[in-house]
Amino acid sequence: MTSLRLLPLLHFLLVLHINFSNQLEDNKIPPSLCTGHPGIPGSPGVHGSPGQPGRDGRDGRDAAAGEKGEKGDRGYEGETGLRGLTGDRGDPGEKGERGQPGECAVAPKSAFSAKMSESRTTPAAVGDAVRFDQIMLNEQGDYNAETGRFICKVPGVYYFAVHATVYRASLQFDLMKNGHTVASYFQFYGNWPKPASLSGGSLLHLVPGDQVWVQMALGEYNGLYSSSKTDSTFTGFLVYSDWKNSAVFA
């Protein structure tokens with residue numbers, strides 16, 4: 001019976017002996033059984049292979065904006081580049097708005113018409129211009145009622161006409177241009193109970209400054225007359241202009 005009780009103890013000692021023997025063979029002594037002095041540091045090991053790249057770090061915070069730097073010097077002007085190719089033609093633009101009406105060109109004008117008042121029926125002196133003093137039309141002011149003379153401003157061809165009432169005496173008058181007779185007209189008066197009439201006209205070419213008027217030709221033929229019932233008139237107007245540098249004249 002005693003030997004049977006010792007069997008477990010023997011078995012434990014046997015296992016302990018085997019494990020201790022194995023550790024001695026492998027030179028592995030448990031630290032709990034033997035503690036020595038620290039050994040000399042070993043030589044540095046060979047550098048290992050480069051490790052794998054690490055992960056990207058997080059984005060840092062935005063720094064405060066720096067101060068604005070000074071403006072740099074202007075650079076040298078570069079060379080002119082080659083001319084590019086002509087581009088494609090663009091699309092037609094939209095139709096613009098209608099413009100304002102322009103001013104109409106005004107053709108040159110010159111016209112007048114005047115008649116002799118009753119107070120002018122007294123005989124006029126030979127060589128004096130007959131004063132047709134009542135203006136009927138004179139928009140351009142080319143006729144002077146004080147002198148009875150037309151003064152040309154627009155060069156060109158003019159037509160002048162004289163209608164005279166003849167009474168109490170025969171009548172002869174001349175159409176004058178710059179002191180020269182260009183046409184003469186005569187009407188005999190035979191002591192008739194009613195007035196007669198005398199009319200005449202002529203085309204004249206004038207330049208600025210030329211003067212045209214009517215004057216008595218003979219002292220005894222001065223039967224020019226005017227009343228509320230019958231008139232004596234002097235009329236002239238521009239037929240066409242001689243302006244060379246402009247087709248119109250305002």
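Colleague: Which residue in β8 is the bridge partner of M176?

Modeller: The model is a predicted one. In it, M176 is paired with W213 of β8. Strands β5 and β8 (residues 211-216) are antiparallel and share 5 bridges.

Colleague: What other strands does β5 pair with, and over how many bridges?

Modeller: There are 11 bridges to β7 (residues 196-206), 8 to β10, 7 to β6 (residues 180-187) and 3 to β9 (residues 222-225). Each of these pairings is antiparallel. As examples, F160 lies opposite S202 in β7, and V166 lies opposite L224 in β9.

Colleague: How many residues lie between β5 and β6 in their hairpin?

Modeller: The hairpin has 2 residues between the strands, and N178 in the turn has a positive phi of about 55°. K177 has H180 of β6 as its bridge partner.

Colleague: Is β5 mostly covered or mostly open?

Modeller: Mostly covered, as 16 of its 22 residues are buried. Y159, which belongs to β5, counts as partly exposed because its relative accessibility is 31%.

Colleague: Which surface patch includes Y159?

Modeller: A nonpolar patch of about 480 Å², formed by Y159 together with L203, F237, V239 and Y240. Strand β10 (residues 233-241) contributes the most, with 3 residues.

Colleague: Changing topic, where is D128, and what does it contact?

Modeller: D128 sits in the loop between β1 and β2. Beyond its neighbours within four places in sequence, D128 contacts V214, Q215 and M216. The C-alpha atoms of D128 and Q215 are 5.5 Å apart, although 87 residues separate them along the chain.

Terms used
Residues are numbered from 1 along each chain as its sequence is written. This is a predicted model: local features need pLDDT of at least 70, side-chain atom pairs count only at pLDDT 80 or more; totals for chains, interfaces and linings use all residues. Side-chain values use heavy atoms; hydrogens and water are left out. Patches are made of residues with over 30% relative accessible area and no salt bridge: like charges are joined within 9 Å, nonpolar side chains (Val, Leu, Ile, Met, Phe, Trp, Tyr) within 5 Å. Accessible areas come from the Shrake-Rupley method with a 1.4 Å probe; for residues, only the protein chains shown count as cover. A salt bridge is a side-chain nitrogen of Lys or Arg within 4 Å of a carboxyl oxygen of Asp or Glu. Helices (H or I, at least four residues) and strands (E, at least two) are DSSP runs, numbered from the N terminus. Buried means under 20% relative accessible area, exposed over 50%, partly exposed in between (1.4 Å probe, protein chains only). Contact means heavy atoms within 4.5 Å. Two strands pair if DSSP finds at least two bridges between them.
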